[in-house]
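Hi,

Here's the structure I said I'd pass along. Have a look, and my notes follow below.

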Amino acid sequence: MIEDNNNILAKLDGLESRYEEVSTLITDPAVIADQERYVKLTREYKDLGDIMDARKRYVACLNSIAEAKDILANETDSDMKEMAREELAANEPLRPQLEEEIKMLLVPKDPEDAKNVQMEIRAGTGGDEAALFAGDLFGMYKRFCDSKGWNLSVTGSSEGAVGGFKEIDFAVSGDNVYGVLKYESGVHRVQRVPATETQGRMHTSAATVAVLPEADKFEVNINEGDIKWDTFRSSGAGGQNVNKVESGVRLRYPWKNPNTGETEEILIECTETRDQPKNKERALSRLRTFIYDREHQKYIDDIASRRKSLVSTGDRSAKIRTYNYPQGRVTDHRIGYTTHDLQGFIGGDIQDMIDALTVAENAERMKDAEL
């Protein structure tokens, strides 16, 4: 009953055999033993499963429309015709909605989207006020992550002289974390009268945010024998135990930059917990993510230049957003989106902004994929 020239169904039919193939592969012991391949295939299986579910609903919708039209054209019973009209009224508006949903599912996904992230916020220009703003941004992300049910853990920080942070590093884990938070990378600018300002003058300060997809163990080759470990006593809150136990860890790792051929030393500290083995494990995770990020920067740059995307650019020095306190507004310069609920936004209510950025990027992807 479905029309033969339906381009969307033609695209979906080609994926059905792949879905069946992947569903068989992920039960193969040889595939399960190859963790890198198994993880990729299970992600593909989930994505294809979502598409197949949408296909099933779309086919049912098309069949209902075709059957209703057939009844209206050929049936004489008034009750049957009334039922057909109701069926048509329910399904005709549903069809374009399902087509849009399927188009979005067919857009090639960023393979990094499902990953957890390592985030860094660093105070930029503006001295003490920039550190206070970095603290505000961290609080914003903390509340947003709490609202999503994600786990946020601080891996290292350097506090500002009057509060906030000169720098704070933290990990976020949960569902599709990088896919949501990747749009936050860049320079965030604030315009306000600082608490440190005695003359009441407005200042412009900045903080940089970096969102890095967390590398899986098999994605980065690290020779653990080359790592030099030091331990030290953590400082800060936590009572006398913090000062007595050498729970803080510091690693030094010689890394050969594949782009320059030069060897540079990577230095990472972790004082997150009082448990030294846990701190070692988290320092290793940050090392993997750092190397993965550096080695994949060319890949990120290639995507940005090929798609000329205004939304997720590889350039972390780009000014992406301004927080204007006197006017109570937040503006994202990539898509011209403005909200006048600055307090709510700083309070962690950033989902609408992220949704607008996602829509803008997906529109670009759909255009590229010719959907």
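Leaving aside neighbours within four places in sequence, which residues is Ser 185 in contact with? They are Val 209, Ala 210, Val 211, Ile 320 and Arg 334. Bear in mind that this is a predicted model. Ser 185 sits in the loop that runs between α7 (177-181) and β4 (186-192). With a relative accessible area of 14%, Ser 185 falls under the 20% cut-off, so it counts as buried. Its side chain also reaches the backbone nitrogen of Val 211, at 2.9 Å.

Now the aromatics. Searching the whole structure turns up six aromatic pairs. In one of them, Phe 138 and Phe 165 have ring centres 5.8 Å apart and planes at 80 degrees, so that pair is edge-to-face. It links distant parts of the chain: Phe 138 belongs to helix α6 (residues 127-148) and Phe 165 to strand β3 (residues 165-173), 27 residues apart. Phe 138 is buried at 13% relative accessible area, and Phe 165 is buried at 16%.

Phe 144 and Trp 150 also make an edge-to-face pair, with 5.9 Å centre to centre and 90 degrees between the planes. Phe 144 is buried at 1% relative accessibility, and Trp 150 is buried with a relative accessible area of 8%. Elsewhere, ring pairs join Phe 133, Tyr 323 and Phe 345 into a cluster.

Last, charges over rings. Arg 192 lies over the face of Tyr 325, 4.8 Å from the ring centre. Lys 280 has its charged end over the ring of Trp 229, at 5.0 Å from the centre.

Cheers

Terms used: Residues are numbered from 1 along each chain as its sequence is written. This is a predicted model: local features need pLDDT of at least 70, side-chain atom pairs count only at pLDDT 80 or more; totals for chains, interfaces and linings use all residues. Side-chain values use heavy atoms; hydrogens and water are left out. Helices (H or I, at least four residues) and strands (E, at least two) are DSSP runs, numbered from the N terminus. Buried means under 20% relative accessible area, exposed over 50%, partly exposed in between (1.4 Å probe, protein chains only). A polar contact is a pair of N or O atoms within 3.5 Å; within protein, one must be able to donate a hydrogen and the other to accept it, and residues adjacent in sequence count only if both atoms are side-chain atoms. Contact means heavy atoms within 4.5 Å. Rings of Phe, Tyr and Trp (its six-membered ring) pair if their centres lie within 6.5 Å; planes under 30 degrees apart count as stacked, over 60 as edge-to-face and the rest as tilted. A charge sits over a ring if NZ of Lys or CZ of Arg is within 6 Å of the ring centre and within 35 degrees of the ring normal.
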